[in-house]
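Hi,

Here is the structure I promised to send over.

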Amino acid sequence: MSRKRTIDAFFGAPKPKKPRGISTSSPETFGGDAHLDGLNTSGNGLKELDAAIVPGTATRKSDGYSTHPTYPFPIPHLPPALAAELTSWPASLGRVINEQPDLDLLYFEPYVARGGGSARSLFEFLRSELPFYRVEYDINRGGTSTHIRTPRWTTVFGLDDTSRFSSSSSSDGGGGGDMTKILDVKTGCDVSADKFYTRYKPRPIPKCLDDLRLSAQVAAGCEFNFCLVNYYASGADSISFHSDDERFLGPLPAIASFSLGARRDFLLKHKPVPPPPGGEHTEAMRNAASKPLKLPLASGDMILMRGLTQANWLHSIPKRTGKNATDGGRINITFRRALVKPGTDNYYNYNVGTGPVYKWDAASREMRPWKKNL
Ligand SMILES: O=C(O)CCC(=O)C(=O)O
Ligand SMILES: [Fe+2]
């Protein structure tokens, strides 16, 4: 790719922050993707605990599976041993990391117990049972079109705060066609045909992930309505520097981010700070204000990013090379709360897209295109 931008180049020329609009971005959209080695500035979201608006309750639960017309295949519930253990998580107290300007993290090391193999079995279970996608899309900037290949496997479930799935938990095993409807939370009107819900059909959070969402809500003290999953098959998979600061998440979004499987570095650095009025920022001034952070996230860890973090900090999972390149896969699960419809369309666009469905193949130990059994 020709338009290669580097992190150094980015920090060499800090610009005042642009006002944020509703973003249609993914972490790969700004500054090029990981192929471009670029630096992205914007990434890929409840209110009252009301069962009627909890996305996960819209799934039909039969014979230990979550099913829904939008799922390519049924998604099993957590194995009983994991489901029983989940009630004892978080496995450790969260540590606050807030010594730096605008940074507010709560770090659980771990959240999902490592001893006894819980984190590993949750990793294996999710890798085997979820549908994954390798999303590609084009971006157009300054008249130049760039084709982006997302450098990791992704999947997403959920629905923004304005809407709910038509059937509730009371119709488990029933519901039929009714379950495909999306209703306005306030009026109860059918909004399935809304433009933000038609490009991609929103999918309820399956029970196996919804159980974790409920646990994360208690630990975080807030509510989530979206679950995004990343699978990094090897050190070649990555997410470039970005912040999850889209307007559809609101001004101070809280994001609970779980790590399962291989250890990977999570890098954080402050966004460029505009120079003081009439003055020039020196490199020394920028460095004094904040230091980049590297958190080697291990299997079972959970990091809650909250407060001003997304507005002011960028984060990434860089590629790993050399002996660390092939140390096994890693799953990342983030729970977020999207407030409005454009958030739903954005998340499905960049995490599901229009390409084929893939599923983990235990024999070849890789993601393989999934075909419906006729
Ligand atoms: O994999 C991770 O730990 C980070 C994922 C992330 O930042 C994102 O999905 O927005
Ligand atoms: Fe992110």
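Let me start with Phe108, which is buried because 22 other C-beta atoms lie within 10 Å of its own. By buried I mean 20 or more such atoms within 10 Å, by exposed 12 or fewer, and by partly exposed anything in between, with C-beta atoms placed from the backbone. Phe108 sits in strand β5. Setting aside neighbours within four places in sequence, Phe108 is in contact with Pro90, Ser92, Gly94, Asp301 and Met302. Contact here says that two C-beta atoms, placed from the backbone, lie within 7 Å.

Before you read on, a word about the model: it is predicted, local features need pLDDT of at least 70, side-chain atom pairs count only at pLDDT 80 or more, and totals for chains, interfaces and linings use all residues. Residues are numbered from 1 along each chain as its sequence is written, while chains are lettered from A and ligands numbered from 1 in the order in which they are written.

Now the overall picture. The chain has eight helices and 20 strands, and 43% of its 374 residues count as buried. Helices (H or I, at least four residues) and strands (E, at least two) are DSSP runs, numbered from the N terminus.

Seven strands make an open sheet in the order β4-β5-β16-β13-β18-β11-β8, and the pairing is antiparallel. β4 and β8 (153–158) stand at the edges with a single partner strand each, so one side of each has no neighbour in the sheet. On average, neighbouring strands in this sheet are turned by 20° against each other, direction ignored. Strands pair if DSSP finds at least two bridges between them; β8 and β11 (residues 226–232) run antiparallel and are joined by six. Thr154 is opposite Asn230 of β11.

Helix α5 packs on the sheet and touches β8, β11, β13 (255–261), β16 (302–305) and β18 (330–336), with its direction at about 60° to that of β18. For such angles, axes are lines fitted to C-alpha atoms (for helices over the stretch in contact), and values run from 0 to 180 degrees between N-to-C directions. α5 covers residues 207–220, and its 14 residues reach 19 Å from first C-alpha to last, close to the 20 Å expected at 1.5 Å a residue. That expected span is 1.5 Å times one less than the number of residues. The buried residues of α5 include Leu209, Leu212 and Ala216, but also Lys207, Asp210 and Arg213. After α5 comes Gly221, with a positive phi near 70°. Another helix, α8 (residues 341–351), lies across β8 and β11 and runs at about 155° to β8.

A few backbone details to check on your screen:

- The Trp89 to Pro90 peptide bond is cis, with omega near 5°; Pro90 is in the loop between α2 (80–86) and β4 (95–97).
- Glu109 and Pro110 are also joined by a cis peptide bond, omega about 5°, and Pro110 lies in the loop between β5 (105–108) and α3 (118–129).
- Asp102 is not a glycine, yet has a positive phi of about 65°. Asp102 is in the loop between β4 and β5 and is partly exposed, with 17 other C-beta atoms within 10 Å.
- Arg365, likewise a residue other than glycine, has a positive phi near 55°. Arg365 counts as exposed, with 11 C-beta neighbours inside 10 Å.

Cheers
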